[in-house]
Structures are given as C-alpha cells and as structure tokens.
Amino acid sequence: MSKKKKEDLKKMFSNSEWNSETIIEADKVVSKIAEDYLGLKTYPNQFEIVTSEQMLDAYSLVGLPVSYNHWKFGKDFVINKNNYKKGRMGLAYELVINSNPCISYNMEDNTTCLMLLVLAHAAYGHNHFFKNNYLFKQWTHADAIVDYMIFARDYINKCEEKHGYEAVENVLDACHAIMNYGVDKYKKPSKISPSEERDRLKKKIEDERILANDLWRTLPKNKEDKLKKKRYPSQPEENILYFIEKNSPKLKEWQKEIVRIVRKVSQYFYPQGQTKVINEGCATFSHYEIINKMYDEGYLSDGFMTEFLHNHSNVIFQPGFDSKYFSGINPYTLGFNIFVDLKRMSLNPTEEDKIWFPEIAGNKDWASTFRYIVDNFKDETFVLQYLSPKVIRDMRLFELSDKSTELKYTVTSIHDEYGYQSVRESLSQHYNRATYIPDIQVFDVDVYGDRTLTLNYTSIDEKNINEKDLEVVLYNISYLWGFPVRLVEGGKLEKEIKKPINTKGL
Amino acid sequence: MGINIIDKRNNPKGKSSKNRHKLLKRISDKIKKAIPNIVKDNDVKDLTSSKKGVKIPIKGIGEPQFSYDQKSGNKKRVYPGNKEYGAGDRIRKPNDGEGKGGSKGSNDPSVSEDEFVINISREEFLEYFFDDLELPDMVKKHLNTIVNFKQKRAGFSNQGTPNRLNVVKSFKNSLSRKMATSIFFDKKIKDLEKKLKNEALSEEEVDVVKKEIDKLKKMKLSISFMEEVDLQYNNFEKQPVPVTSAVMFCIMDVSGSMGEKEKDIAKRFFMLLYMFLTKQYENIELVFIRHHTAAKEVDEEEFFNSRETGGTIVLPALELMNNIIDERYSGWNVYTSQISDGDVWSQDDSSACKEVLENEILEKIQYMIYVEIPRGYSESGDLWADYKNLSNSRENFAVGQIREVSQIWDVFKDFFKKKAE
C-alpha cells in the first residue's frame with residue numbers, strides 16, 4: 001500500500017465521525033491482518049448499524065434476528081429499557097450472533113475508534129470462534145438458525161390462530177421453565193435443513209392418526225413379567241424436554257412441536273453458555289492484537305490509540321472481590337489475560353513457564369497456539385489447562401472454602417506455589433455447567449402404575465435444590481407430561497425431595 | 001469478500017411491541033384472575049382504605065427454574081484481588097451472603113425472581129373489581145363524584161358579619177390610613193412652622209399662622225381610629241370534600257344455614273358498600289354484628305371466618321345495633337346492611353324486627369339495606385315479607401335478593417338508584 005494511501009486512512013480513522021466508507025476501508029485492513037497475522041478464518045460479515053432501541057430489541061431476543069413471540073421477551077425488553085433509560089445500564093457497543101453470514105449489531109453512536117474496535121472484536125474475533133470452536137461446530141448450525149427461527153415464529157403463530165394464544169402460551173411457559181434441560185450434552189443431533197424440517201413435520205402430522213406410542217403399548221404378558229419390570233428409561237435421560245416430547249402420553253402433535261422448538265433454541269445457545277471466557281478472551285485478544293498491528297503498520301494515529309486503550313481497559317476492568325463494583329470474575333479479563341500470557345511465554349518464556357507449559361514455552365508460534373486453543377476448548381477445560389501461575393499472581397486470585405455448616409469462610413489457597421494448582425482447578429469448576437445448573441435427569445416412569453415421572457437430582461458440593469420454585473417447576477413439567485411428577489435424590493427412588501406434583505394436564 | 005454493511009436505523013420501530021403487548025395482556029389477565037383471591041384473603045378495610053393503592057401479587061411473570069439453595073453446600077470459589085489473606089485465614093461470613101465478597105455474582109443464574117407485586121391505585125382496583133361484576137360506566141362515575149361541601153378559608157373580604165372580623169388586618173388598615181392622612185396635616189404644619197421661623201412676620205401674621213397650626217394639629221388628632229373602609233373580614237368559600245365520618249354496621253346471620261357461598265356473597269357485598277361509602281366519607285368505622293339466636297359484636301376476622309350453628313332470631317341483632325348507636329355513634333352518619341338467608345324462627349320475631357326498625361332505628365340512620373340470600377329455591381320467608389312491606393313506606397330502607405355472585409352488582413345498583421331519585 002502506498003504511503004500516501006496509508007496517510008489518508010490514518011486521517012480517516014482519526015476523525016471520530018465515520019461513514020460506510022470508513023468501515024469498508026477499515027474492514028479491508030482489519031481482515032487482512034486477521035487472516036495474515038492471526039490466521040483467523042471467518043464467516044462473511046453482515047455489519048448492521050442500529051439505534052439504541054434496536055439494540056434493546058436485539059438484547060431481548062439474545063441477538064436472534066427473529067424469534068417466536070412470547071411475553072418473556074417483552075419483559076426482558078421492558079426491564080432493559082427501564083434500566084437503560086434510568087442510566088443503570090449501558091448498552092454494549094456491539095452484539096454478535098452465531099450465524100452464517102455472521103450478523104453483528106453495532107451502535108450508531110460509536111466513535112470511529114469504537115467501530116474499529118468492535119469490527120476487530122466481533123466481526124473477526126467472535127466470528128472466528130463461532131466458525132471454528134468445536135462446541136459450535138458440533139452443536140449449532142450457523143447456516144440454518146435464522147431460517148429455523150422464521151419457521152418457529154410462523155409455526156407458533158399458526159398454533160395461536162388454531163388453538164388460541166392461551167393454550168400456546170401455557171405450553172411455552174412450561175417449556176421455558178425447564179429450558180436448561182432441553183440440551184444434549186453428548187449426543188450429536190443430525191443436521192436437518194429447513195425444507196427437511198417441513199417434510200418431517202408433514203410426515204409427523206400424517207402419522208398422527210395412526211400413532212400409538214410404543215412405551216404405552218407394552219402391556220405385561222404375565223405376572224412374572226410385571227414383577228421383574230425394568231426401569232424406563234433404562235438409562236437416565238438428561239434432556240428432559242426431549243424425553244417429554246418423545247414419551248409424553250398426552251401431548252398432541254402441535255404441542256410436541258412447540259417442545260421441540262424450545263429445545264432446539266436451548267441447544268443453539270448451549271455452547272455460548274459454556275464458552276463465555278474463552279470466546280470473549282478470543283475476541284478481546286484479537287481486537288487488541290489487530291489494532292496494535294494496525295498502529296505498528298502506520299494506519300493509526302497516537303490520538304486514536306489513546307482512545308483505544310481507554311476503551312480497551314474499560315472492557316477488561318476487573319474490580320477486586322471487596323469492591324462495590326465486584327460482580328464476579330470478568331470473563332473478558334480472564335480470557336484476555338490467559339491469551340496474552342500464552343503469547344508472552346511463547347516468545348519470552350521463564351523457567352516457570354518451561355515447567356508448567358513445556359510445549360508452549362518458547363515455541364515462537366503463538367498465533368497457532370492461540371488458534372489451537374480457541375478451536376478446541378471450552379471455559380472449563382480452557383481454565384483448567386491454561387490458567388498460568390503468572391495470571392493467577394497478576395489477578396491475585398485466591399480460593400475460599402464456603403461450608404454451610406461453618407460461620408466463617410476459610411482461605412484455602414492463594415496465588416503462591418502451593419496454591420496455583422488448586423486455584424486453577426477450583427476456578428475451572430466455576431464454568432462447569434453443573435455448578436450453576438443443578439444436575440436433574442429423567443430417572444423413571446411408573447409405566448405400569450399411575451405413570452408418575454420421577455426425576456433424579458445428583459448433588460454436587462452437597463448443595464440442595466432451592467425449595468422456592470421447585471413446586472412450580474414440577475407443576476410445569478407435569479403440565480407437559482400429563483401425569484404426576486416428583487423429584488428424588490441420589491438415584492434412590494425412595495429418597496423423595498418433592499412429593500408427586502400433579503396437574504390435570506393438558 | 002467485502003463486508004456487508006446494513007444501516008438498520010431507519011427500519012420501522014417497535015420490533016418488540018408484539019412481545020410487550022403479550023406481557024401487558026398477561027399482566028392484566030393475571031390481575032383479573034387475582035382479584036377474587038384478593039377479595040377472599042384481605043380485610044375489607046385494609047383493601048379499600050389504603051391510600052397507597054392495592055398490592056396485587058402476580059404469579060406467572062416470574063420465570064421459575066430449578067436452582068440451587070445458595071446457602072447450602074460445601075463450595076469452593078475463586079475471587080480476584082487478594083490483598084492480605086494467606087492460606088488458612090478465616091473470614092467472617094457477611095449476613096445473608098450479601099455484602100463484601102458476597103457469594104453471588106451478577107451472572108449467577110440461580111438468582112431468580114419472586115412473584116411480582118404490582119401496585120395499582122384504589123381507583124384502578126375499583127375498575128378491575130367492577131369489571132369483574134360488569135359495572136356499567138355510568139354508575140362508576142356516580143361513585144366517583146363527591147357530594148358534600150366544607151367551608152374553607154379563602155382570603156379576605158370587606159364585607160361580612162362581625163364574628164368574622166379580622167382584627168389584625170383591620171387594625172393594620174386603620175394604621176396606614178391614619179398615617180397617610182396625617183402626612184397631609186404634618187406637611188402643612190411643617191410649612192407653616194418654616195414660615196414662622198424664616199420669614200419676618202408681623203405680630204398679627206404670627207398669630208394667624210399659630211392659630212392655623214393649632215387648628216391643623218387638632219384636625220390631625222381627630223382622625224378617626226377605625227373607619228368602615230378599614231374593616232376586613234375573613235372570607236370563606238364552599239369546597240367539595242368528603243364528609244368525614246360515618247359508621248357502617250354489617251349484620252350477618254351466621255346460623256347453620258349460611259354456607260361458604262353465602263358468606264362469599266355477603267363479603268363481596270359488604271366490600272362494595274364499604275367502597276361506595278369510602279368515596280364519600282374520609283373515616284368510616286365498621287361495626288360487625290353476627291347473630292344466630294343471640295347477637296354479638298365481633299371483629300372482622302371472626303365475622304367472616306368462624307362458623308356457628310343454630311336457629312335464627314334477628315331481633316337481638318337489631319337491638320344490639322340500636323344500643324351501640326346510642327352509646328357510641330349518636331349524631332353520626334349511620335349505614336346499615338343486613339344479610340341473611342331469610343330464615344327466621346317465628347313470625348313474632350320478624351314483626352318485632354319490623355317494629356324496632358320502624359319506630360327506633362330508621363329514625364337514627366341514613367340508610368339501611370337488607371339483602372337476602374335465599375337458599376336453593378325456597379320461598380321467601382316472613383322476614384322478607386315484613387321487610388318488603390316496610391321498605392315500601394320508608395325512604396331510607398331497601399331490600400333485595402341475591403342468589404349468585406354475578407347478581408351482586410345489579411342489586412347494589414338498585415339500592416342506590418332508589419336513593420338517588
């Protein structure tokens with residue numbers, strides 16, 4: 001590129017007002033650095049400029065451009081809008097969704113500097129993550145999500161016309177109560193295109209008349225059979241919505257389809273919940289590297305960099321545990337710090353690094369190391385393997401033991417030689433899904449009796465289930481199941497946490 | 001491949017409006033559904049007298065989830081920003097897990113909402129309440145009007161009766177008038193005195209001037225202390241305000257024949273009447289009298305909730321009320337509503353009741369309503385016949401029958417139509 005052209009661009013990027021030409025020119029530079037310098041591989045970008053209200057719309061649908069209608073989204077919208085209006089909440093500079101093309105929403109009042117930052121951050125950093133991380137590759141279909149959501153919206157609209165909005169809302173409410181349990185963690189769903197989806201549906205409706213559910217057809221042949229009855233399901237089922245969709249004796253076809261839609265959406269968001277640290281780390285590290293490289297190559301002025309560094313440090317601000325601003329560990333900070341440290345040890349390793357990370361220390365190829373990690377890990381494993389002693393020291397991380405039986409916390413490990421391993425393992429457990437979503441699975445159905453559905457809770461860290469919502473949630477499940485639902489603990493049918501909750505069902 | 005920039009700013013607004021509409025619909029449905037429970041679970045007075053409005057808990061816009069009990073368990077958590085702790089240190093737990101270093105992060109998914117509580121004003125509540133009963137709009141307006149007036153200070157006037165004379169204001173006026181008038185004399189006196197001093201005057205002339213001065217001084221003294229024009233009276237205007245105090249007697253038959261359904265109707269009816277009265281009176285005292293064969297004054301809780309059996313004699317209740325009025329509420333605005341299933345022990349009782357009402361009670365009270373909740377298809381009894389008879393001849397006595405909750409409003413409306421005429 002000619003020196004003159006670079007000077008022109010520098011001038012353009014220094015102007016805090018931008019237009020579409022600014023973004024097109026910036027994208028040319030950013031994409032080249034992303035590809036050549038970091039080796040990022042991305043979906044094509046759809047870069048949308050939105051107003052704050054449109055950003056709030058996007059918030060309430062968690063970024064999806066389309067969704068079925070439900071009061072829950074209205075509630076989120078109203079709450080966010082009120083918080084925003086009263087200045088209690090700022091809006092993100094961007095919001096990006098996992099789709100192909102990769103859609104990012106960018107606030108109209110971003111300065112040129114912020115636009116370049118979010119371009120590098122979302123349109124390249126997150127975009128690469130969505131396209132290459134194993135969880136996203138395995139679980140979500142970036143090509144199909146928008147079409148699927150259009151199908152879902154239309155289908156639910158049709159159901160409302162046919163069965164009344166209340167009937168539809170009841171099913172959706174019940175499904176939302178156990179949306180977290182609409183996820184397969186290990187099985188891989190078969191890929192299905194929207195047109196196949198429609199064909200499958202037609203066939204299903206066709207089958208409806210002749211459908212007899214295998215589960216309920218199994219009548220005991222004689223008394224002996226009944227005595228040695230097997231548990232159903234033979235293996236516990238973690239995907240409660242899936243189990244209900246396939247086995248509920250009372251759900252009609254359209255209701256099953258709604259259950260299916262909710263669990264599909266839940267499955268789509270499943271990888272995002274498990275990759276906050278590594279995904280934000282990837283995007284933050286990318287924007288930091290790309291913008292600095294642009295500066296090194298002479299595209300950016302010193303003034304631009306001052307503004308950039310100011311914004312960047314806001315993004316990775318981590319208040320200490322005793323600050324009034326503290327609200328947990330900032331995933332941007334943690335992810336970014338880990339990647340920066342990996343780059344450092346790749347280029348300038350210390351003796352400590354050689355012991356802890358023999359394969360990375362001094363390998364010089366930090367960009368491939370970065371990509372390898374980004375593509376193959378989720379938060380839990382990322383922290384477990386790559387949280388380095390230096391990052392633990394820099395962030396002054398320490399581990400606290402909190403036993404419900406004791407009046408005091410105990411500091412069990414700090415940022416020293418004896419504590420690194422323990423802090424790292426403990427922090428990685430923060431990102432284990434079971435740490436924040438109780439492990440509850442379908443355990444048994446009383447096939448020969450009153451069809452009670454038994455769910456089993458497996459406790460970790462001796463934690464109990466919150467009693468408060470328990471009954472309502474079980475009620476919701478029994479609404480879908482059509483028969484009583486109860487909850488037991490520890491895989492013992494007799495160890496009841498909650499007695500059977502019944503509803504008249506649908 | 002180049003970037004695809006889409007400027008969405010000019011797209012139509014209100015993408016979330018459908019979802020918002022669904023939320024609003026849900027809320028108003030829930031309020032309507034919650035109202036029968038509120039009527040059942042709340043005190044008549046609490047519900048309707050609170051100036052702050054009515055709190056309605058709405059189940060169903062929270063989003064229940066399975067979650068952990070945050071207080072339980074044996075957990076290990078990692079925090080940033082250690083300053084002074086070493087391994088093995090013990091730290092006191094903050095109360096309820098809040099405060100410094102609290103155990104909840106903002107992205108803790110287990111933080112879930114309780115049931116929402118919506119605060120609506122009393123007027124809004126009435127809307128919903130009457131909506132339930134299909135209250136015609138016209139009558140709601142009637143409920144909202146204020147009928148009584150109160151005298152209120154409204155500045156001063158130069159006309160009025162002596163008892164409203166404002167002494168301070170009048171005296172101030174007189175002072176200023178006196179000062180203003182005396183300046184005229186003072187000035188003249190001064191001029192003359194100057195003349196005496198400065199000008200060479202003959203003896204004669206001096207005398208004339210001195211006389212003149214004396215005359216002026218006398219005139220100055222003769223300025224009257226108070227004149228008609230000084231007088232100021234306190235001025236009053238009529239302002240519409242609710243009449244301040246009234247007492248409402250609720251008399252209910254609690255003999256064995258009054259079931260839950262009858263009590264529900266009774267409660268709703270009392271509430272309606274109470275609300276109607278609170279529109280016009282600032283303070284309303286409630287007196288609850290229950291009776292079977294004997295009458296007793298009770299509190300609201302007992303009135304609606306406890307159950308007794310036995311036959312029915314009405315007279316003791318009326319007599320008890322009569323005594324209470326004499327003892328505690330003479331001169332008050334008294335409203336009475338009596339609810340019964342119409343079953344009485346004997347005809348003697350009902351004619352005795354009629355007599356007490358006619359000769360004693362109706363003279364003392366503003367208005368009395370008798371509501372009968374007949375059981376099944378039974379014929380109207382003696383009490384009905386006597387009361388009906390009486391209501392034809394007395395302006396401030398009305399009777400009505402309610403069989404179903406849905407009829408409450410119609411009957412209620414009839415009562416007050418009659419009064420308005």
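Author: Two strands are said to pair if DSSP finds at least two bridges between them, and strands themselves are DSSP runs (E, at least two residues), as helices are (H or I, at least four), numbered from the N terminus. This is a predicted model, in which local features need pLDDT of at least 70, side-chain atom pairs count only at pLDDT 80 or more, and totals for chains, interfaces and linings use all residues. Residues are numbered from 1 along each chain as its sequence is written, while chains are lettered from A and ligands numbered from 1 in the order in which they are written.

Strand E1 of chain A (residues 45-50) runs parallel to strand E1 of chain B (residues 4-7), with four bridges joining them. Within this pairing, A:Ile49 has B:Asp7 as its bridge partner.

Counting contacts (C-beta atoms, placed from the backbone, within 7 Å), 76 residues of chain A meet 57 residues of chain B. On the chain A side, helix H4 (residues 71-85) contributes the most, namely seven residues. That side comprises 32 nonpolar, 26 polar and 18 charged residues; here Ala, Val, Leu, Ile, Met, Phe, Trp, Tyr, Cys and Pro count as nonpolar, Asp, Glu, Lys and Arg as charged, and the others, Gly among them, as polar.

As to confidence, the complex receives an ipTM of 0.86 and a pTM of 0.66 from the predictor. For chain B, the mean pLDDT (the predictor's confidence in each residue, from 0 to 100) is 75, with 73% of the residues at 70 or more.

Note on methods
Two residues are in contact if their C-beta atoms, placed from the backbone, lie within 7 Å.
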